[in-house]
Amino acid sequence: MLAEALEHLVRGIVDAPEDVTVRAREGRRGETLEVRVHPDDLGRVIGRSGRTAKALRTVVSALASGESVRVDVVDTDRRR
């Protein structure tokens, strides 16, 4: 449910909503939601000084109702 809600929010922000993917992973510190967007939309999702990303994290934390959830915006342009 959290992944779908986050995906819906991010699709409303970006110019290429078809390239938005959110993957949920379980880890030692709780659930992690990885957001991947088109490289041209990365700045839109992060926002000035990280304001948009912080707002997305706040909304997801509120929806999680006390569970530990992390939101990571993944830079798909980075070489591995």
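Colleague: What order do the strands of the open sheet have?
Modeller: The order is β1-β2-β3, three strands with mixed pairing. Strands pair if DSSP finds at least two bridges between them. Strands (E, at least two residues) and helices (H or I, at least four) are DSSP runs, numbered from the N terminus. This is a predicted model: local features need pLDDT of at least 70, side-chain atom pairs count only at pLDDT 80 or more, and totals for chains, interfaces and linings use all residues. Residues are numbered from 1 along each chain as its sequence is written, and side-chain values use heavy atoms, with hydrogens and water left out.

Colleague: Which are the edge strands?
Modeller: β1 (21–27) and β3 (69–74), each pairing on one side only. From one strand to the next, the twist averages 25 degrees.

Colleague: In what sense do β1 and β2 pair?
Modeller: Antiparallel, over seven bridges. Arg25 has Thr32 as its bridge partner in β2.

Colleague: Is Thr32 buried or exposed?
Modeller: Buried, at 9% relative accessible area. The cut-offs are under 20% for buried, over 50% for exposed and partly exposed in between (1.4 Å probe, protein chains only). Thr32 touches Arg23, Ala24, Arg25, Arg70 and Asp72, leaving aside residues up to four places away in sequence. Contact means heavy atoms within 4.5 Å.

Colleague: Switching to helices. Where does α3 lie?
Modeller: α3 (residues 51–64) lies across β2 and β3, at about 150 degrees to β3. Axes are lines fitted to C-alpha atoms, for helices over the stretch in contact, and angles run from 0 to 180 degrees between N-to-C directions.

Colleague: And how do the axes of α1 and α3 cross?
Modeller: At roughly 150 degrees, coming within 10 Å. So α1 is roughly antiparallel to α3; under 35 degrees counts as roughly parallel, over 145 as roughly antiparallel, 65 to 115 as roughly perpendicular and the rest as oblique. On the α1 side, the contact includes Leu6 and Val10. Leu56 and Val60 are among the α3 residues making it.

Colleague: Which residues of the largest nonpolar core touch the most other members?
Modeller: Leu6, Val10, Leu33, Val35 and Val37, out of 17 residues. Such a core is a set of buried Ala, Val, Leu, Ile, Met, Phe, Trp, Tyr and Cys residues joined through side-chain atoms within 4.5 Å. α1 gives the most, with four residues.

Colleague: What does Leu33 touch?
Modeller: Its contacts include Leu2, Leu6, Val60 and Val71.
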